[in-house]
Amino acid sequence: MPRNASKNLTSQKMEPYSLYFTLLIQHSNTIIDLIIPHSHYFAVVLVASIVILYFASRRKVPIYLIDFSCCCPPRSYRLPLAMFEEHSLLDHMDPDAVAFQCKIIAKSGFSEETALPQSLAQIPRTKALASAIEEAETAMYSAITCLFEKNNINPKAVDILITNSCVFCPTPCLSDMVVNKFRMRSNIMSFHLSGMGCSAGIISVSLAKDLLRVHRNSLALIVSTETLTHNWYNGKVPSMLLSNCLFRMGGAAILMSSRVQDKHKAKYKLQHIVRTTTARDDQSQGCVYQDVDPEGNEGVSISKNIVIVAGDVLKKNIASLGPLVLPLREQFLHVFSIIRRKLWATRTSIYTPNFNHAFEHFCIHPGGKAIIKAIEKNLGLRKVDMEPATMTLYRFGNTSTSSIWYELCYIEAKGRMKCGDRVWQLAFGSGFKCNSAVWKCLCDVKPDTASAWSDIIHSYPIEVPDIVRIN
């Protein structure tokens, strides 16, 4: 290529802020004549311009998801419904409370393979702190060890550590336990999030994103788990007994990076994070609430209005997420249907955007069978779109903050994740919160032979019965 042509090509690629500085140099004499009489004003404008140009020149640091791993509880931890009923009665729990729980579990969409910690399977059940710590260590350490071994990661290479657990928060906290177990660096940036419900997993991703962009070329480890031992409810109040029925043991470890060299080995790139909370509303704030019953038993109360509250906060979250991900045609049809309904006062329904035009895969928080069905209906999703949520709920139950990672693991294990595919992770949490994370797949993901799903994925999907019979 001729030298002049090369210069022209270079000038065409010149950044806008470089052109500003070139013009500033060329007309420096004229600018000085103007500045001297009004030096104070021009000094402020000049400093402001330099600051704006500086930040405009900074490109957003890409955030990568290198890999993740989910805990697969030992088979000895599984608690079939018949055993649950027998142990509850032998543990002198109120018979009406036992019958209520068995009725809920039978219709919950759980299989007989979901797991509870051994402290809740033995007779008598124990809520001792030591048992709760043992449960947390089992879930966290197995997921982290598997993640590090698969990716040949030295724990000392981790720069940022974020752990999350909704209710259980011992001292030292879970992040300190992880640092101690894996002998991580003394200058690691460690954080623990608690009390943020099942959506804390995506909140942790949001925090990791912000930290990775500030501290460039860093590696972040997120550990999501929930401890059931310390939160088990032994009373009679139905709304507080629900937590015993809906949650099961699990955990996940996620490795994120802002290092340039990790681009070619990362599985996903983070596209968007959208967080919504309706905690200012009293009904939403009290929808999932830690409380003490009249007999002094501590537990978490789950309101009957949870599906309605979840629907309202989901609408707000989608209103923010939609313009970022939906094609213009889908946005236009949705807005036009709203305008038509208001102007002409017709009873026509508001157009629901087709989210299959924005995403190939969906990881919807499996908070319960009713929530999964409500989201499927309201968003117009297909059965195959909800399959990861339904199968995760059936095999592992609601594992709280780690549930969406079991779903992503299911999609990978089925060999469905291809380069360029987009994934929507959606989670709900107390407060009430609804959080979304959007990822883009960077490669064809091969099924992992050592994942939580690898030994049973060949038998899924299956038809989930409406009611599980006690054998």
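Helix H11 supplies six residues to the lining of the largest pocket, the largest share that comes from any element. The structure is a predicted model, and the largest pocket in this model has a volume of about 1100 Å³, while the second largest pocket holds about 670 Å³ of space.

**The largest pocket**

- The lining of the largest pocket comprises 45 residues, and those closest to the pocket centre are Leu242, Leu246, Phe247, Ile302 and Ile306.
- Sorted by class, the lining of the largest pocket consists of 21 nonpolar, 19 polar and five charged residues.

**The second largest pocket**

- Around the second largest pocket there are 27 lining residues, and Leu314, Lys315, Ile318, His334 and Leu379 are the ones that lie nearest its centre.
- H13, helix H14 (328-343) and H15 each give at least two residues to the lining of the second largest pocket, with the largest share, eleven residues, coming from H13.
- In the lining of the second largest pocket, 18 residues are nonpolar, six are polar and three are charged.

**Nonpolar cores**

- The largest nonpolar core contains 73 residues, and within this core the most contacts are made by Met184, Leu221, Met256, Tyr268, Trp405, Trp439 and Trp453.
- Helix H8, which spans residues 129-151, makes the greatest contribution to this core, namely nine residues.
- Another core, which lies apart from the largest one, has 54 residues, including Val274, Ala310, Leu326 and Leu381.

- Glu387 is placed in helix H16, which covers residues 383-395.
- Glu387 counts as buried because its relative accessible area is 11%, which is under the 20% cut-off used for that class.
- When the neighbours within four places in sequence are set aside, the residues in contact with Glu387 are Tyr410, Arg416 and Pro461.

Terms used. Residues numbered from 1 in each chain as written. Predicted model: local features only at pLDDT ≥ 70, side-chain atom pairs only at ≥ 80, totals over all residues. Heavy atoms only, no water. Core = buried A, V, L, I, M, F, W, Y, C linked by side-chain atoms within 4.5 Å. Buried < 20%, exposed > 50% of the residue type's maximum accessible area, 1.4 Å probe, protein only. Helix = DSSP H or I, 4+ residues; strand = E, 2+ residues; numbered from the N terminus. Contact = heavy atoms within 4.5 Å. 1 Å grid on protein atoms, 1.4 Å probe; cavity = no way out; pocket = protein on both sides within 12 Å on 5 of 7 lines; lining within 4 Å. Points joined across faces, edges and corners; volume = space filled by probe spheres on them. Nonpolar A, V, L, I, M, F, W, Y, C, P; charged D, E, K, R; others polar.
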